[in-house]
Protein chains: 4
Amino acid sequence: MQTMKAMVFRGVGRIVLEDVPRPVMSEPTDAIVRVTSTAICGSDLHILRGDYGVDEGTIIGHEFLGVIDKVGEHVTDFKWGERVLVHPGFRCGTCESCLKGNPLGCQKGGVFGNPTAFGSLNGGQAEYVRVPLAQKIMHRIPEGMTDEDVMLVTDMLPTGYFAAENGDIKPGDTVAVFGCGPVGLCAQMCAQLFGPSKVFAVDLVEYRLKMAERLGAIPVDSSKVDPVTRIHELTDGLGVNVAIEAIGTPATFYGCLQAARLTSNISIVGIFSEPVELLMPVLCLTNKRITMGLPHKLPEYIPKLLDLIKAGRIDARPIITHILPLSKGEYAYDIFDKKLDGALKVVLKPGA
Amino acid sequence: MQTMKAMVFRGVGRIVLEDVPRPVMSEPTDAIVRVTSTAICGSDLHILRGDYGVDEGTIIGHEFLGVIDKVGEHVTDFKWGERVLVHPGFRCGTCESCLKGNPLGCQKGGVFGNPTAFGSLNGGQAEYVRVPLAQKIMHRIPEGMTDEDVMLVTDMLPTGYFAAENGDIKPGDTVAVFGCGPVGLCAQMCAQLFGPSKVFAVDLVEYRLKMAERLGAIPVDSSKVDPVTRIHELTDGLGVNVAIEAIGTPATFYGCLQAARLTSNISIVGIFSEPVELLMPVLCLTNKRITMGLPHKLPEYIPKLLDLIKAGRIDARPIITHILPLSKGEYAYDIFDKKLDGALKVVLKPGA
Amino acid sequence: MQTMKAMVFRGVGRIVLEDVPRPVMSEPTDAIVRVTSTAICGSDLHILRGDYGVDEGTIIGHEFLGVIDKVGEHVTDFKWGERVLVHPGFRCGTCESCLKGNPLGCQKGGVFGNPTAFGSLNGGQAEYVRVPLAQKIMHRIPEGMTDEDVMLVTDMLPTGYFAAENGDIKPGDTVAVFGCGPVGLCAQMCAQLFGPSKVFAVDLVEYRLKMAERLGAIPVDSSKVDPVTRIHELTDGLGVNVAIEAIGTPATFYGCLQAARLTSNISIVGIFSEPVELLMPVLCLTNKRITMGLPHKLPEYIPKLLDLIKAGRIDARPIITHILPLSKGEYAYDIFDKKLDGALKVVLKPGA
Amino acid sequence: MQTMKAMVFRGVGRIVLEDVPRPVMSEPTDAIVRVTSTAICGSDLHILRGDYGVDEGTIIGHEFLGVIDKVGEHVTDFKWGERVLVHPGFRCGTCESCLKGNPLGCQKGGVFGNPTAFGSLNGGQAEYVRVPLAQKIMHRIPEGMTDEDVMLVTDMLPTGYFAAENGDIKPGDTVAVFGCGPVGLCAQMCAQLFGPSKVFAVDLVEYRLKMAERLGAIPVDSSKVDPVTRIHELTDGLGVNVAIEAIGTPATFYGCLQAARLTSNISIVGIFSEPVELLMPVLCLTNKRITMGLPHKLPEYIPKLLDLIKAGRIDARPIITHILPLSKGEYAYDIFDKKLDGALKVVLKPGA
């Protein structure tokens with residue numbers, strides 16, 4: 001039995017580098033991908049804290065890309081040696097729930113490195129990964145694009161695009177993005193695609209605000225000013241047309257509600273650990289539209305984002321602040337979790 | 001000074017019939033309308049309970065229609081004797097807030113029979129009413145249509161239409177409307193315009209469910225079954241595509257969230273007195289879109305609704321259960337408030 | 001070698017009943033379907049006239065449903081004996097054209113009973129048919145639904161739905177459908193799902209107008225009145241908001257342009273044999289939107305239409321005027337082509 | 001009687017500088033504007049050629065801005081001395097046609113310097129202009145913005161925005177704009193607001209292509225290459241998602257149809273003098289959406305465009321190639337008509 005290195009969940013607070021068996025083909029619809037780059041996601045920290053009930057021994061990681069090592073006989077559109085990026089998860093596409101436009105309800109799907117209806121599914125922070133339903137969830141990396149060019153297309157950019165699209169931003173609108181972590185920065189970049197007049201970026205960590213500014217936003221430092229007051233000042237007292245929540249806390253949710261004008265859209269893509277309270281006696285007299293959720297149109301988003309990157313309209317590479325060998329995976333989790341050393345996106349290289 | 005009869009707010013719990021001065025012209029943009037029909041709205045009960053801080057002495061009522069008695073010189077599109085229905089409120093249309101698509105923020109507008117930035121504005125439960133900015137907020141009643149044909153176009157039907165439109169109902173969708181009062185019934189009728197496969201109507205009052213069924217919905221009696229369970233049973237276990245909240249309580253808000261499938265729209269038009277709690281750790285993983293607010297596109301909705309009534313596609317007359325002379329106004333409030341005698345919409349006739 | 005009966009193209013003007021070899025499995029993605037009902041489409045008449053260059057010997061027919069007789073090993077979601085309806089054609093879904101949202105450009109796809117990039121593909125007016133990429137283009141028929149209930153879901157209703165959807169009909173709009181053949185009648189039924197105030201149906205064949213009226217439209221007999229004049233009279237002189245062309249002639253195209261008001265949508269689903277001339281010096285000053293094409297969202301439309309039929313919101317059975325054994329196929333073509341005997345949709349039963 | 005200088009239509013081929021009477025107030029809804037800048041529009045050349053039947057003696061010009069000199073008593077939102085830009089035309093807003101969303105059908109409206117139902121209306125290529133329904137069609141120029149900053153907001157930018165909006169451009173789409181005159185360049189700039197991956201600009205005049213490139217487009221010189229072939233080469237052989245016609249000739253209309261992929265949008269804003277022929281037997285099998293017309297949502301577009309200019313997201317000043325005193329008006333027409341001296345937008349200054 002061949003082994004490989006992988007980041008494995010070993011109980012609350014412990015994601016550790018281990019030698020584990022290499023994955024093998026299980027279904028004719030599978031592929032095995034040799035991972036060349038994989039990134040740590042904010043939701044991996046939820047796993048680390050035990051929020052999601054991942055089984056011990058599960059390999060973590062749903063943001064990864066690499067080279068096809070094996071394909072099952074039903075995977076007719078791909079072949080050995082092709083570079084692919086893989087969706088963070090999959091749906092069967094054929095159950096009642098999928099057919100009726102309700103993919104989140106699919107009981108046969110799942111997210112890499114997360115629990116599913118049929119047990120936890122090994123992820124991609126490893127040298128190799130088994131990809132179920134590979135034909136449906138792999139996407140060829142266009143020639144000439146590096147791993148870093150497309151790394152954030154696996155998850156961050158589709159989520160940011162979803163956030164912006166849900167906001168229904170129209171040219172000339174004002175937008176506020178609460179949170180300048182990788183998702184918030186991607187939301188901000190994608191918001192710019194819809195022609196806003198101004199994009200405000202709210203955070204309290206200085207290096208993150210600097211990055212937001214570098215990417216074209218007007219930074220609002222919530223450690224120094226009340227962001228709601230500041231945003232109203234900068235929008236003729238009206239508030240923004242669209243507010244995007246990209247952190248997942250009640251405070252930033254409320255910030256969005258207050259920074260947004262009376263007729264406005266609030267788009268939530270943060271992952272929450274606590275409930276929020278809506279002051280409906282006031283809110284119900286305002287024309288607010290609140291959306292939330294996970295990007296469910298990856299087959300549409302991914303080619304679009306690749307085209308935009310190729311054309312130079314989006315460049316998410318600055319968000320990758322660290323590229324480390326997989327062997328430094330535990331250190332990588334540490335700096336990512338504690339926001340050390342200016343960390344935004346931290347990428348691991350299994351091959352290195 | 002000429003006097004007239006009117007329903008006047010006299011402190012919490014007291015809306016009484018009084019003799020008051022007839023309104024006079026104040027601006028060249030005003031009109032005076034002789035009211036021929038006026039209805040009591042659920043929000044008038046909020047006023048009765050003191051929720052909105054209406055000044056004592058204010059004439060109540062924002063649902064009314066009648067005959068033009070006088071027009072100011074700037075009101076060039078209307079003339080004496082024309083039958084008109086009047087919007088429940090108005091915006092200036094020229095302040096920064098109005099120009100930037102934020103009419104709810106207008107400080108120069110207001111709702112009849114409600115407080116405004118410049119004092120409480122007398123309403124239409126009276127023999128006569130002064131209509132400010134009359135050119136903008138009056139709509140001619142098409143020839144051949146009775147007061148009863150169009151009574152609900154003043155407020156209930158636009159609100160119901162707004163609820164249905166916000167739900168973004170597509171042909172074939174399933175819809176649940178929580179609440180079978182006048183707004184809920186209008187929302188249900190308007191939902192039918194968007195081609196749903198099924199519309200469920202949830203309430204616990206038998207005569208209201210009967211009316212919902214008569215108007216084409218599948219009644220769900222929440223006094224006998226858990227509506228969420230029942231709706232899931234009737235939608236292949238998925239829940240509805242669109243849920244409409246038309247009461248304004250936390251319980252029905254939660255009912256909507258649970259009756260709606262994972263990817264779905266929740267449209268709120270109930271007026272709330274209490275906050276609600278959103279379980280974001282769960283909700284943020286579902287693709288929910290929640291909208292709320294007040295219908296702000298009346299100039300678009302009203303001609304549309306009149307056309308639909310004329311063509312027989314909508315008939316809201318069954319919702320008018322009582323037509324009483326204005327002199328019985330206090331009794332009318334009583335049966336409306338206590339849901340006595342099968343009351344849904346209660347109309348007062350000042351002329352009678 | 002087993003044989004079967006089938007309708008075979010034998011040169012211009014000749015579609016004849018023949019004994020031909022039964023189809024056999026060719027790819028692991030294939031299925032063989034035993035046809036229980038198949039219908040003649042207007043575009044089959046184009047084939048009959050030689051318009052499409054179908055190879056001699058091709059079995060005609062793209063509207064069919066039946067029972068699964070065999071499935072290839074990659075067709076894992078279906079099994080022997082299930083009743084299915086089959087899309088009229090297929091796309092590979094994985095070529096550049098398909099991935100970029102351009103399915104009509106797919107070189108690996110095709111329509112049953114029509115030429116493709118890789119030769120003419122046998123169709124379903126036969127006892128058996130080979131279905132390529134079966135997993136993608138078969139749809140299970142819900143329990144309790146007869147062949148007749150769902151027959152028009154194979155092609156006519158999706159086309160009609162596409163016509164109505166392209167028209168972007170809003171509640172209260174007025175709609176004119178030019179043509180009361182099967183496509184026009186389906187467009188008219190689907191238009192009703194979007195809440196129009198009035199739907200006009202234009203034709204010059206009396207029995208077709210009768211059917212249109214029975215299905216809820218206002219008939220306009222173009223053999224007796226100028227339909228454009230009549231439609232303007234019935235729409236306050238404005239013309240309709242949406243005009244649907246469902247025949248495919250210059251005259252009806254022009255009729256649509258003239259019957260539609262200055263700001264309006266024209267939706268074309270007729271199949272044309274001649275060019276049309278647009279009077280751009282006039283048209284370019286009007287806000288017209290003209291759409292055309294083929295329904296490309298069948299996986300979305302078909303479940304929607306089945307739900308609507310199940311719920312009783314659509315019933316296309318009256319459009320099936322003839323059900324004949326396959327053995328009478330030549331007679332069936334004759335009455336369909338010549339509009340004899342009140343023919344609208346003519347269905348053939350291979351088993352009978 | 002006071003006189004002023006103005007550009008006056010004196011028969012086919014003659015628009016001349018004359019001394020004419022200064023306009024006076026006629027209705028209480030009028031304003032008189034002292035023009036500070038006015039531009040020549042491509043459609044003024046149609047007038048020059050006699051295409052529109054303008055009455056002799058009419059003052060030309062519908063692109064202008066200036067300072068309020070007088071306001072009628074119904075024009076309560078503006079006062080003497082305010083800087084305003086004026087819509088190119090107006091609608092009554094209260095006739096059946098206007099109320100039913102059909103403003104182009106309004107018989108009481110008109111375009112400055114053009115024929116109307118009630119005679120030709122004097123335009124703004126003059127020292128002063130009478131503005132009917134002034135309250136509805138004047139827009140305050142924000143403080144700190146120069147005439148040149150906002151000159152193209154009177155007509156070119158709203159038209160360009162309308163072209164882009166009609167194209168329904170999504171982020172990542174490819175766009176081709178046929179024509180690099182002022183409208184085409186504005187369409188191209190507005191297209192960029194919707195996040196396309198590439199915008200192609202087609203023309204055969206070198207200085208116009210240079211300007212297109214300077215404003216961010218990929219120039220395609222149709223004097224040297226076949227633009228359709230070139231655009232297919234640059235879009236993986238698929239063609240563009242959206243093609244915009246901004247000239248008004250059959251050749252460019254056909255170019256758009258051919259440069260656009262099978263499923264695509266064609267947006268026409270050129271003004272045509274000739275009909276075009278649509279090859280429907282081919283086109284009807286493609287999913288094309290063709291829109292045309294005039295921008296009808298100026299009250300929405302103008303504040304949006306001003307915000308975008310203020311925020312630096314749009315800068316149309318480079319399109320203004322010439323600023324001349326009104327006294328050189330005849331020379332200005334000459335260079336504009338003959339595309340001399342690199343002329344794009346030519347602005348006249350009545351005060352100079």
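Predicted model: local features only at pLDDT ≥ 70, side-chain atom pairs only at ≥ 80, totals over all residues.
Reader: How much area do chain A and chain B bury between them?
Author: In this pair, 41 residues of chain A are in contact (heavy atoms within 4.5 Å) with 41 residues of chain B. Of the buried area (the accessible area, with a 1.4 Å probe, that two parts lose on being put together, summed over both), 64% is on carbon and sulfur atoms. The area that chain A and chain B bury between them is about 3,500 Å².

Reader: Which strand supplies the largest share of the side of chain A that touches chain B?
Author: Several helices (DSSP runs of H or I, at least four residues) and strands (runs of E, at least two, with both kinds numbered from the N terminus) each supply at least two residues of that side of chain A, including helix H2 (96-99), strand E15 (276-278) and helix H10 (280-283). The largest share, 5 residues, comes from E16(A).

Reader: Which residue of chain B stands opposite Val276(A)?
Author: E15(A) and strand E15 (residues 276-278) of chain B run antiparallel and are joined by 3 bridges, where pairing asks for at least two bridges found by DSSP. Within E15(B), the residue opposite Val276(A) is Leu278(B).

Reader: Which strands stand at the edges of the open sheet of chains C and D?
Author: That sheet has 12 strands with mixed pairing, and its order begins with E12(C)-E11(C) and ends with E11(D)-E12(D). An edge strand has a single partner strand, so one side of it is left without a neighbour in the sheet. This holds for strand E12 (218-221) of chain C together with strand E12 (218-221) of chain D.

Reader: At what angle to E11(C) does helix H7 of chain C run?
Author: E11 (residues 198-203) of chain C pairs with E12(C) in the parallel sense over 4 bridges, and helix H7 (residues 206-214) lies across both of these strands. With axes fitted to C-alpha atoms, for helices over the stretch in contact, and angles running from 0 to 180 degrees between N-to-C directions, helix H7 runs to E11(C) at about 170 degrees.

Conventions: Residues numbered from 1 in each chain as written. Chains lettered and ligands numbered in written order. Heavy atoms only, no water.
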